[in-house]
Amino acid sequence: MSRRATISGTGSALPARRVTNDELAQTVDTSDEWIVERTGIRARYIAGEGETTGTLAAEAARKALDAAGIAATDVGLIIVATATPDQTFPATATRVQASLGIDDCIAFDVAAVCSGFLYALSVADSMIRAGGIDIAVVIGSETFSRILDWEDRATCVLFGDGAGAVVLKAEEGERGILSTALHADGRHNQLLYVDGGPSTTGTVGKVRMRGSEVFRHAVVNLAAVLGEALDKAGLTPADVDWVVPHQANRRILDATARKLGLSPDRMIVTVDQHANTSAASVPLALDVAVRDGRIQRGDLIVFEAMGGGFTWGAAVARY
Ligand code: UT7
C-alpha cells in the first residue's frame, strides 16, 4: 500500500454577477455569435465590490472542507494558485488561512497562471507523499476581470472570475493522485503575458495574448502531457472515465480529445458558463461534475492545463 493524496472534498465559488455575451457586446465591438462560434463561451462571472481572489478562495475552501467533513483546524497546508493575488504580498493563501480561522499551518501562493492549479496540486501531492502533511487545501482562484483591457476585444471576452478548491488527505490505498507531469518553456513568454508588474512598470498591467499562436501550442502540449501523465501511471486513454480540462476554449477541448482518441462526452465542459477562469478553471469544473453526480468515487480522472509562460501540466487521479 502506498501513501497517497486522496481528493476528499471539493468546493467552488463564483461572484454574484453573471455577464452574458450580449451584455458584453453593448460595450465591446463583438457579438454573441462570434464568441460562441470561436470559443464556446456564453457567459462569465465578474467580481464586484468586496469580491476578491482571497474571498472567493476562502469560500471555495470552506465548501471543500464541509464536503470532506474535515475541520479547518486540521489543515496543515494551504496553497492558492493565482495570477491575480489580492496584494503583491502577503500571499493570498495567508488571507485564506486567517479567514478560515487557522492559527498555524503552511500557506503560500503558486504563480503558474492557467496551469497554477496543476502546479499547486503537484506540490501538495509531493508534500503529502513525503510524509510531512496529512491534510492540504489546494485552491485555484482568480479575478482576471481586474487585469483585462476592456477595450481589447481579443482578450476581454475570454476570461471570467471564480475559485475552486480540493481537500487532499493522506491515505493508504488505491485511490488518490497517481501521477503528475509539469512543464514550462519560457521562450514563449511574449505570447501570453501581463504588460506590467511591481519590478518592471510599478503598475499591475493588463493581459496581452497572441491567441491563435497560443491555441496551436495548447493542443500539441496538452495532448502530449496527458499522454505522459497516463504513461507514468501505467494507464492509457482507454482507462479514463473523465477528463477535467482547463477551460480556455471549447475548440481546444475538442481537438485535444480527438488527438487522444477520447470521446468528447468524457470531457467536463464548463467554459460555456464560466469562460476561462485561469487557475480556477480545473477545480471549478471538478466541483461542478462532482456535485452533479457525473464523477463518482473510484472513477479515473485526468486534469490538464496550459497557460502563460508557457507552463503546462497534467495529473491522473483515482477519485
Ligand atoms: O488560458 C490560457 C490559454 N489560452 C488559450 O488557450 C487561448 C487560445 N486561443 C484561442 O482560444 C483563440 O485563438 C481565440 C478565441 C483567442 C481567437 O480565435 P481565433 O479563431 O484564433 O481568431 P483570431 O485571433 O485569428 O481572430 C480572427 C478574427 C480577427 O479579425 P480579422 O483580422 O480576421 O479581420 C479578429 O480581429 O476575429 C476578430 N476578433 C473578434 N471579432 C469579434 C477577435 N476577437 C473578436 C471578438 N469579437 N471578441
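What follows is a short chat about the backbone, salt bridges, packing and ligand contacts of one predicted model.

Trainee: Before we start, what are the ground rules here?
Mentor: This is a predicted model: local features need pLDDT of at least 70, side-chain atom pairs count only at pLDDT 80 or more, and totals for chains, interfaces and linings use all residues. Residues are numbered from 1 along each chain as its sequence is written, and side-chain values use heavy atoms, with hydrogens and water left out.

Trainee: Backbone first. Is the peptide bond from Phe89 to Pro90 cis or trans?
Mentor: Cis, with omega near 0°. Pro90 sits in the loop between β4 (77–81) and α4 (92–100). Helices here are DSSP runs of H or I with at least four residues, strands are runs of E with at least two, and both are numbered from the N terminus.

Trainee: And what joins Gly309 and Phe310?
Mentor: A cis peptide bond, with omega about -10°. Phe310 is in the loop between β12 (300–307) and β13 (311–318).

Trainee: Why flag these?
Mentor: Most peptide bonds are trans, and most residues other than glycine have a negative phi.

Trainee: Then what is the phi of Val113?
Mentor: Positive, about 50°, and Val113 is not a glycine. Val113 lies in the loop between β5 (106–110) and α5 (116–130).

Trainee: What about Ala275, where is that?
Mentor: In the loop between α9 (271–274) and α10 (281–291). Ala275 also has a positive phi, near 60°.

Trainee: Is Ala275 buried or exposed?
Mentor: Buried, at 0% relative accessibility. Val113 is partly exposed at 25%. The cut-offs: buried is under 20% relative accessible area, exposed is over 50%, and partly exposed is in between, using a 1.4 Å probe and protein chains only.

Trainee: Switching to charges. How many salt bridges?
Mentor: The count is 13. A salt bridge needs a side-chain nitrogen of Lys or Arg within 4 Å of a carboxyl oxygen of Asp or Glu.

Trainee: Which residue does Arg153 pair with?
Mentor: Asp29, at 3.4 Å, N to O. That pair links distant parts of the chain, 124 residues apart. Arg153 is in helix α6 (residues 153–156), and Asp29 is in the loop between α1 (21–24) and α2 (32–39).

Trainee: How open are those two side chains?
Mentor: Arg153 is partly exposed, with a relative accessible area of 47%. Asp29 is exposed, at 60%.

Trainee: What does Glu59 form with Lys63?
Mentor: A salt bridge, with the closest N and O atoms 3.0 Å apart. Glu59 and Lys63 are four residues apart in helix α3 (residues 53–68), so about one helical turn separates them. Glu59 is partly exposed at 31%, and Lys63 is partly exposed at 34%.

Trainee: How far apart are Lys169 and Glu171?
Mentor: Their side chains meet in a salt bridge at 4.0 Å, N to O. Elsewhere, salt bridges that share partners join Asp149, Asp195 and Arg208 into one network.

Trainee: Now packing. What happens at strand β11?
Mentor: Both faces of β11 (residues 242–245) are covered. Trp242 and Val244 are buried on one side, Val243 and Pro245 on the other.

Trainee: Which way do β11 and β12 run, parallel or antiparallel?
Mentor: Parallel, joined by four bridges. Strands pair if DSSP finds at least two bridges between them. Val244 has Phe303 in β12 as its bridge partner.

Trainee: How many residues in helix α7?
Mentor: Helix α7 (residues 211–232) has 22. From first C-alpha to last, α7 reaches 31 Å, close to the 32 Å expected. The expected span is 1.5 Å times one less than the number of residues.

Trainee: Which α7 residues are buried?
Mentor: Among them are Val214, Ala218, Leu222, Val225 and Leu230. What covers the buried residues of α7 includes β8 (176–184), α8 (250–260), β12 and β13, where contact means heavy atoms within 4.5 Å.

Trainee: And what follows α7?
Mentor: Gly234, whose phi is positive, near 70°.

Trainee: Last topic. How many residues surround the ligand?
Mentor: There are 23, and the closest are Thr30, Arg38, His246, Asn249 and Asn276. A residue counts as near if one of its heavy atoms lies within 4 Å.
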